[in-house]
Amino acid sequence: KEVLRLAERGLDNGSFVRDEGSESPPVAQGVTAYVLLDQLEAAERAAGEVFVDAQTRGSVVGYMYGSLFQTCIDAQRGDLNHAEAQFRSCADLCIEHGLIFGLPSLFHFGANILLERTQVDDVVQMVDAFAIPPSLSTNASAAFLYSVRGRLRSVRGEKVQAVDDLRAAGEIANAIGITNPFFTLWRSPLALALPPEQRD
């Protein structure tokens, strides 16, 4: 209840987005809080406000954030058709405009699309080939990438590589104090990727 109260107060029915702009990091934190709390209608309203602001200001970064939020919302709902369309649109935007910093978050929030949808091999290859820039190598973006890539590799039976990626995700998450599995789901996938005698 406290987190929801703070998110509602911070976003202030769209006033914060209108005042600070769709590129503001606290906007992302507020929308993500709504999704974490499964307040998807509130999250979608906020994402809509981000889109409107981005269009008004001509902000490509803001529009990318809006697409990322909508991907996350649709995936959380289980609407993987719409989530995949948003995912692809956001990925294209990131690549076209050099917004590489947005891709690890997109991979993370779209993980269920990559794991459960058919005919997404092209996107899975993008995840496999993505190289973390040095500027992102010790923050949540790197943990996002390693977690998703490890889960994908585990599903494909590439257990050794999966274990390496998932351990890397865990090391980064622990170092920066992220324990919520919504942000970095690595513990249970790692346990499942390890041989039985190593799961302790």
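**View 1. Helices around the second largest pocket of a predicted model.** α5, α7 and α8 (111-116) each supply at least two lining residues here. α5 gives the most, with three residues. Helices are DSSP runs of H or I with at least four residues, numbered from the N terminus. The model is predicted: local features need pLDDT of at least 70, side-chain atom pairs count only at pLDDT 80 or more, and totals for chains, interfaces and linings use all residues. Residues are numbered from 1 along each chain as its sequence is written, and side-chain values use heavy atoms, without hydrogens and water.

View 2. A pocket is an open set of points on a 1 Å grid over the protein atoms alone, where a 1.4 Å probe fits, with protein on both sides within 12 Å along at least five of seven lines; lining residues have an atom within 4 Å of a point. Volume is the space filled by probe spheres set on the points, which are joined across faces, edges and corners. Among the lining residues are Cys72, His108, Arg151, Pro181 and Leu185. By class, the lining has seven nonpolar, four polar and one charged residues. Nonpolar means Ala, Val, Leu, Ile, Met, Phe, Trp, Tyr, Cys and Pro; charged means Asp, Glu, Lys and Arg; the others, Gly among them, are polar.

**View 3. The largest pocket.** Its volume is about 460 Å³. The lining has 19 residues, and Ala28, Thr32, Tyr65, Ser105 and Phe109 lie nearest the centre. Two or more lining residues come from each of α3 (25-36), α5 (60-77), α7 (103-109) and α10 (140-155). α3 gives the most, with six. The lining divides into 13 nonpolar, six polar and no charged residues.
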